[in-house]
Amino acid sequence: MEMEQFLQQMINGLSLGSVYALMAVGYSLVYSIMNFSNFAHGGVIMVGAYIGYFAMTAANMPFWMAFLLCGVGAGLLAVLLELTVYTPLRNRNAPFLYYIISAMGASIFLENFVIATIGPTYRTYPQVFSHEPFRLGSLSLSRIDLMIIAVAAIGLITLVIIIDKTKIGLGIRASSFSIKASQLMGVNVNFTIFLVFLLGGILAGFAGMLFGMKYTVYPTIGNITTKSFVAAVFGGLGSLPGAIIGSVLLGIIEVLVSGYLSSNFRDLIAFLILISILIIKPTGLMGKSSEDKA
Amino acid sequence: MSWYYIEGILIQCGYVLMVVLGLSLLTGFAGLFSFGHAGFMAIGAYVSAICTTKFGLSFLPALLLGGVVAGVVGAGLGKLTLNLKGDYFCIATLGFGEAVRLILENWEYVGGARGISGIPWETNLKSVIIACAIGTLALMALVRSRHGRSIIAIREDELAAEMSGINTFRYKMIALIISAVYAGIGGGLLAHYMTYIQPKMFQMVKSTEYTIIVIFGGLGSVTGSIIGTFILTFLPEMLRSLDNWRLVIYGLAVIVIMVIRPRGLMGGVELGDIFRLPARRRAAKLAEERIKNMNGESAGEEAQR
Amino acid sequence: MNWKRLIGLLCAIMLLLSAVPVMAEEPIRIGWIGSLTGDSAVFGVNESSMIKMLVEETNAAGGILGRQVELFTYDTKGDANEAINATRRIIAQDKVCAILGPNASGQCIAIASVLEQMKVPDISTVATNPKVTLNYDEATGKFTTVKPYNFRICFTDPYQGAIAAGFAYDELNATKAAIFYDVSDDYSSGLTQFFEEIFTNKGGEIVVKEAFKSEDVEFKAQLTNILAANPDVLFLPCYYKQAALIAKQARELGIDAVLLGGDGWPSDQLFVMAKEALQGAYFVNHLDVNDPTFAELKTKFETKFNIPLDLNGFMAHDAYVTLVAAIEKAGSDDSEAIADALTEVTVQGVTGTIKLSKEDHNPIGKEGSITKIVGDGYEFVMKYGLGQ
């Protein structure tokens with residue numbers, strides 16, 4: 001029983017970690033180029049969840065179509081935010097805090113816009129996957145969890161390929177090293193930033209829809225992204241593999257703390273880990289060295 | 001408008017102003033950003049409320065004790081995190097604020113999630129006016145003193161300040177401790193106005209709200225912070241009849257201000273300067289420079305032009 | 001502006017002024033405050049919509065004491081300070097004679113001092129913390145006097161926790177109970193404390209006690225521990241969103257304990273979100289679902305607003321009818337007379353017969369309706385009060 005309980009907890013941690021990962025990658029991607037924490041990301045995830053919900057219920061779309069629409073919709077929203085909010089700030093060379101505050105303004109706006117127009121009611125996706133989980137002995141893994149792990153894996157691998165192997169990716173990597181220098185080298189920085197927001201937004205849309213299917217849809221979904229933000233810092237802000245590893249580790253740590261220490265202190269420990277990591281190694285597990293970021 | 005209603009909002013302005021003044025020193029003058037000041041408020045509120053409800057201490061010493069404890073905790077936090085670079089310090093304070101709230105939620109002695117009730121109603125218009133007057137004068141005196149100029153020098157250019165013999169860590173620490181004391185006293189005032197506190201009241205959103213006020217009022221301006229507090233506390237009350245569209249407009253307003261007038265209402269300028277026009281122009285120019293400089297420090301790579 | 005227009009304007013003003021005395025009597029002003037934005041907006045919107053509908057009905061039927069009713073509603077964002085501001089405004093500026101809401105204990109406790117200063121009564125809908133109507137001395141840990149202007153329509157945390165524990169031990173014959181509660185929520189913590197106390201006093205054992213936080217959606221880590229402890233009954237003192245998600249995840253993990261909840265549960269969303277997982281679960285309810293007034297009110301509300309009617313709406317209904325009765329009894333809209341009348345009237349609400357006690361301003365002898373989830377609906381099991 002002890003061993004099974006432990007294995008079950010590891011499964012729980014992995015599935016929780018993959019939810020965080022889908023969200024954290026968006027944070028990290030934007031951070032790697034823009035050097036600020038995009039707190040509007042939670043709002044984009046929430047809108048994504050609603051797009052998917054209405055596509056499947058009001059427009060009766062099949063799952064896959066709704067899923068794609070979600071990605072496109074959330075991607076466009078992220079780009080729209082970039083163009084209307086961040087570009088003017090960028091043109092003015094505003095300090096990073098202005099970006100953070102604007103992002104928080106945007107997330108207050110999105111959240112309450114949805115409450116005012118759609119309403120605060122919890123909504124539930126129509127059933128796509130059977131509720132009956134896969135079982136092995138006393139262990140269980142629900143179908144939606146498997147789906148999330150798969151989407152997280154495929155999405156993130158695709159992203160890594162784009163960034164590592166394509167010319168566009170080279171632009172992103174160059175810009176994340178130094179925007180000024182890469183511009184001198186002929187990288188179209190505006191396009192690169194546009195692309196980063198689009199990619200981050202698409203992943204946020206997927207994350208929103210899967211989150212909505214696994215749990216439920218409501219206007220304050222964005223609050224959960226504080227955790228994925230912690231995960232991104234944990235792994236090293238601005239590093240994609242770091243965000244993924246950080247998320248999975250945070251998922252497992254949370255599960256182990258609530259499983260073996262005390263569920264009351266789960267979040268406290270998560271935040272203490274955050275602070276200790278910042279003190280010991282501010283750049284996180286896989287972050288760029290602080291010299292780069294100075 | 002009835003006076004009774006306005007009085008309530010003014011009292012709210014009062015304790016918000018205490019926190020904002022402290023934050024103004026930290027953010028506007030020392031250039032450090034905190035998302036954890038709700039944590040200091042919580043400490044001040046809980047310490048003073050425990051003193052008055054459980055130990056029968058009177059209001060004033062309880063309030064001061066709350067401020068002192070917040071300051072001591074601030075010193076501890078500063079010792080650990082002040083060496084971190086800009087945005088990482090900001091993240092550390094976020095973690096700190098949440099950690100304080102989580103500890104309070106799990107601590108049965110202070111009622112856990114159910115909080116402390118039956119706190120005597122001591123905060124009135126008179127007490128907040130006195131607190132704010134003392135707070136404002138003390139802050140004004142500090143930023144105009146030699147120490148104040150050292151703090152500003154750190155914001156302008158930390159390296160240069162260090163070179164010219166300023167102990168940057170020490171001055172950052174002073175700014176953080178003073179701002180924590182202000183936040184603690186603000187929290188104590190809040191507790192004795194609400195007569196009830198629970199951990200839920202000190203969420204991260206609160207810290208963000210106060211930082212928004214400082215930026216709205218203008219970095220590096222004490223009078224700007226005061227004006228900002230009044231406008232941003234009254235604004236949501238003015239919009240009250242809009243029900244749930246209220247926060248939509250608030251969110252939009254925050255974005256518009258950031259995009260259109262990034263140096264805030266009074267960036268780098270004090271109210272008195274407005275009457276001395278040439279000085280004002282000079283100060284405004286300085287403010288623009290400062291914002292560029294800050295940018296150079298924290299996110300220099302973004303410079304595109 | 002030329003002089004012709006000026007005269008025209010003056011005439012118009014005169015007309016308006018002369019129209020005032022012929023107008024009917026001043027309306028009776030009442031207020032509602034609560035969360036219309038933020039995390040608990042879903043509950044606040046339910047309450048305010050219900051009261052809006054009832055006020056319209058009252059006015060269509062000729063009003064109270066022959067006077068029309070005017071309703072003012074303000075958002076509190078779920079924030080205690082906002083609640084104080086809203087209360088100050090609604091009393092001093094809008095001059096209401098009584099307030100309904102707000103929909104959380106923390107806000108109700110915070111506005112008490114304003115109510116006392118202005119001598120205006122407030123009937124809270126779902127604020128279950130004992131401290132809402134009673135003063136509490138932190139130094140001695142004892143309740144002292146009743147707050148003169150705070151009333152409530154729901155039963156309290158201790159009462160409800162005791163009902164749930166008593167029912168679990170006596171009627172479900174459970175000896176091993178697990179508690180899974182929201183550590184960041186005062187309602188949930190309150191229920192937990194009293195459930196634990198009563199269940200252990202009766203001879204039962206709390207085999208495991210786990211916690212989560214309001215915004216959580218993932219519960220499997222704690223549930224895995226609960227599974228290992230193998231309880232007879234799993235007590236979930238929380239709102240329906242968490243109850244549904246927990247039930248679903250508990251069944252996925254293979255927990256087969258009987259699920260037991262409080263009055264945060266009843267909602268149509270519960271079925272939409274986790275119908276299968278909740279089959280056979282029990283909860284303590286305020287109302288008897290077989291009562292025809294229940295279904296009638298529900299249909300009326302849902303056709304009008306197109307949002308599901310939750311328990312908050314029902315409680316708001318009862319708070320409103322109690323207030324109307326008190327105004328009629330007082331014979332005027334004098335707020336102190338209404339405060340006195342509130343403990344005098346006996347009203348038939350959807351959640352039972354309501355009579356507020358003079359001693360603690362809580363409803364007297366309100367029994368919990370133990371309700372079971374069967375198929376697509378609720379099944380009334382039994383009335384269960386304390387002392388059984």
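## Domains of chain C

Domain bounds here come from an automatic or database domain assignment. In this predicted model, chain C is divided into domain 1, made of residues 28-155 and 291-355, and domain 2, made of residues 157-285 and 368-384. The centres of domain 1 and domain 2 of chain C, taken over C-alpha atoms, are separated by 28 Å.

Ten residues from domain 1 of chain C and 13 residues from domain 2 of chain C make up the contact between them. On the domain 1 side, the residues that touch domain 2 of chain C divide by class into four nonpolar, four polar and two charged.

## The parallel sheet of chain C

Chain C has an open sheet of five strands, with parallel pairing and the order S2-S1-S3-S4-S7. Its edges are strand S2 (69-75) and strand S7 (150-152) of chain C, each of which pairs on one side only. From one strand to the next, the twist averages 25°.

Within this sheet, strand S1 (residues 28-34) and strand S3 (residues 98-100) of chain C pair in the parallel sense over three bridges. C:Trp32 has C:Leu100 as its bridge partner in S3(C). Helix H11 (residues 311-330) of chain C packs on the sheet, where it touches S1, S3 and strand S4 (122-124) of chain C. The direction of H11(C) makes about 165° with that of S3(C).

## A helix pair in chain B

In chain B, helix H3 (residues 59-81) and helix H8 (residues 168-194) pack at an angle of about 145°, and their axes are 7 Å apart. The crossing of H3(B) past H8(B) is right-handed.

Residues of H3(B) in this contact include B:Gly66, B:Gly67, B:Ala70, B:Gly71, B:Gly74 and B:Gly78. From H8(B), the contributors include B:Ala180, B:Gly184, B:Gly187, B:Gly188 and B:His192. By class, the contact of H3(B) with H8(B) has 14 nonpolar and nine polar residues, and no charged residues.

## Chain B against chain A

Between these two chains, 43 residues of chain B are in contact with 43 residues of chain A. On the chain B side, at least two residues each come from H3, helix H4 (86-105), helix H9 (204-217), helix H11 (246-260) and helix H13 (277-299) of chain B. H4(B) gives the most to this side, with eleven residues.

The side of chain B that touches chain A comprises 26 nonpolar, eleven polar and six charged residues.

## Chain A against chain C

Here 30 residues of chain A are in contact with 30 residues of chain C. The elements giving two or more residues to the chain A side are helix H1 (2-34), helix H4 (96-117) and helix H10 (240-261) of chain A. H1(A) gives the most, with five residues.

By class, the side of chain A that touches chain C has 19 polar residues, nine nonpolar and two charged.

## Confidence in chain A

The pLDDT of chain A averages 86, and 97% of its residues score at least 70. Among the elements of chain A, helix H2 (residues 41-57) has the highest mean pLDDT, at 94, whereas helix H12 (residues 290-293) has the lowest, at 41.

Over residues 289-294 of chain A the pLDDT is below 50. Beyond near neighbours in sequence, this stretch of chain A has seven contacts in the model.

Conventions:
Residues are numbered from 1 along each chain as its sequence is written. Chains are lettered from A and ligands numbered from 1 in the order in which they are written. This is a predicted model: local features need pLDDT of at least 70, side-chain atom pairs count only at pLDDT 80 or more; totals for chains, interfaces and linings use all residues. Helices (H or I, at least four residues) and strands (E, at least two) are DSSP runs, numbered from the N terminus. Ala, Val, Leu, Ile, Met, Phe, Trp, Tyr, Cys and Pro count as nonpolar, Asp, Glu, Lys and Arg as charged, and the others, Gly among them, as polar. Axes are lines fitted to C-alpha atoms, for helices over the stretch in contact, and angles run from 0 to 180 degrees between N-to-C directions. A crossing is left-handed if the near helix is turned anticlockwise from the far one by less than a right angle, and right-handed if clockwise. Two strands pair if DSSP finds at least two bridges between them. pLDDT is the predictor's confidence in each residue, from 0 to 100.
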